[in-house]
Amino acid sequence: MFDLVALGAAIKRMRIHARMSQQELAASAGVHRTYVSDVENGRRNVTLEILYRISVGLDVKLSKLTGMAEVLSNRNKEAIDVAEEASN
């Protein structure tokens with residue numbers, strides 16, 4: 001299962017790094033601003049086509065975007081593991 005929260009976090013980080021607003025990214029990707037917000041907050045599943053359009057809007061390769069999402073997802077899993085060990 002793909003981690004939508006990590007994907008959204010990766011998109012948000014790259015958008016902020018590019019100094020873009022959600023509105024600017026939405027316009028360049030051809031989606032509504034609230035859609036971008038939902039994706040960034042992990043509340044919306046995205047198609048490969050929309051993900052590609054977002055990566056083009058951010059001027060990054062799709063592989064870089066998904067790679068960052070994978071790194072963030074792994075960090076989240078590690079944090080959960082540490083928290084579970086601490087509670088035992």
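**Ground rules.** I number residues from 1 along each chain as its sequence is written. Because the model is predicted, local features need pLDDT of at least 70 and side-chain atom pairs count only at pLDDT 80 or more, while totals for chains, interfaces and linings use all residues; side-chain values use heavy atoms, with hydrogens and water left out.

**Entry 1, whole chain.** I looked up the secondary structure and found five helices and zero strands, in the order α-α-α-α-α along the sequence. Helices here are DSSP runs (H or I, at least four residues) and strands are E runs of at least two, numbered from the N terminus. Of the 88 residues, 35% count as buried; buried means under 20% relative accessible area, exposed over 50%, and partly exposed in between (1.4 Å probe, protein chains only). The chain exposes about 5,800 Å², and carbon and sulfur atoms supply 53% of that. The areas come from the Shrake-Rupley method with a 1.4 Å probe, and for residues only the protein chains shown count as cover. I then checked contacts (heavy atoms within 4.5 Å). Among those between residues at least 6 apart in sequence, 60% join residues at least 24 apart.

Of its 22 residues, Ile11, Leu25, Val31, Ile54 and Leu58 touch the most other members. H1, H2, H3, H4 and helix H5 (62–87) each give two or more residues to this core. H1 gives the most, with five. For Val31, leaving aside neighbours within four places in sequence, I noted contacts with Ala26, Val36, Ile50 and Arg53.

H3 is mostly covered, with six of its eight residues buried: Tyr35, Val36, Ser37, Asp38, Val39 and Glu40. Their cover includes helix H1 (4–17), helix H2 (22–29) and helix H4 (48–58). Just after H3, Gly42 takes a positive phi of about 70 degrees.

The Asp38 side chain makes a polar contact with the side chain of Arg44 at 3.5 Å. A polar contact is a pair of N or O atoms within 3.5 Å; within protein, one must be able to donate a hydrogen and the other to accept it, and residues adjacent in sequence count only if both atoms are side-chain atoms.

Notes. A nonpolar core is a set of buried Ala, Val, Leu, Ile, Met, Phe, Trp, Tyr and Cys residues joined through side-chain atoms within 4.5 Å.
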